[in-house]
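The sequence and the model are shown first.

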Amino acid sequence: KYTPILEGEKIKFVYLKMPNPFHENVIGWNTNTVPPELCVEQFIDRNLMFETGFLSPIETLLESMGWEKEKKNAIEDWF
């Protein structure tokens with residue numbers, strides 16, 4: 001029903017919470033949507049997906065500009 005993932009082919013993937021029925025922390029597929037037979041919706045690690053897909057690239061940009069991702073209070077700010 002589904003074609004195997006070939007070398008060099010682009011895929012979509014999600015990080016999974018452990019434990020899960022697949023006993024893996026990542027699962028991928030080469031179609032536009034998650035195959036419904038997998039029933040992975042309840043096991044998706046959304047926090048890890050957000051951190052790796054959004055926060056890490058933003059932190060790299062912020063570091064290159066010399067900015068902080070969180071406001072830090074310093075004594076010098078009072079004067």
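Asn20 sits in the loop between strand E1 (12-15) and strand E2 (26-29). With a relative accessible area of 5%, Asn20 is buried; the term means under 20% relative accessible area, whereas exposed means over 50% and partly exposed lies in between (1.4 Å probe, protein chains only).

The loop between E1 and E2 also holds His23. His23 counts as exposed at 63% relative accessibility, and its phi is positive, about 55°, although His23 is not a glycine. Pro19 belongs to the loop between E1 and E2 as well, and the peptide bond from Met18 to Pro19 is cis, with omega near -5°.

Lys17 is a further residue of the loop between E1 and E2, partly exposed with a relative accessible area of 41%. Leaving aside neighbours within four places in sequence, Lys17 is in contact with Phe43, Ile44 and Asp45, where contact means heavy atoms within 4.5 Å. Lys17 and Trp67 are 50 residues apart in sequence, and their C-alpha atoms are 32 Å apart in space.

## Basis of the description

The model is predicted: local features need pLDDT of at least 70, side-chain atom pairs count only at pLDDT 80 or more, and totals for chains, interfaces and linings use all residues. Residues are numbered from 1 along each chain as its sequence is written, and side-chain values use heavy atoms, with hydrogens and water left out.

## Overall architecture

The protein chain has 1 helix and 2 strands, following the pattern β-β-α along the sequence. These elements are DSSP runs numbered from the N terminus, with at least four residues for helices (H or I) and at least two for strands (E).

The radius of gyration of the protein chain is 19 Å, while a compact globule of 79 residues would have one near 12 Å; the value is taken over C-alpha atoms, and the globule rule is 2.2 Å times the number of residues to the power 0.38. Along its principal axes, the C-alpha trace spans about 70 × 30 × 20 Å. Buried residues make up 13% of the 79 residues.

## Nonpolar core

Val14, Leu16, Ile27, Trp29, Val40, Phe43 and Ile44 form the largest nonpolar core, which has 7 residues. Such a core is a set of buried Ala, Val, Leu, Ile, Met, Phe, Trp, Tyr and Cys residues joined through side-chain atoms within 4.5 Å. Apart from neighbours within four places in sequence, Val40 is in contact with Leu16, Phe22, Ile27 and Val34.

Cys39 lies in the loop between E2 and helix H1 (46-65). Its phi is near 50°, a positive value in a residue other than glycine.

## Aromatic pairs

The chain has 2 aromatic pairs, counted where ring centres of Phe, Tyr and Trp (its six-membered ring) lie within 6.5 Å; planes under 30 degrees apart count as stacked, over 60 as edge-to-face and the rest as tilted. The rings of Phe13 and Tyr15 have centres 5.5 Å apart and planes at 85°, so this pair is edge-to-face. Phe13 counts as partly exposed, at 40% relative accessibility.
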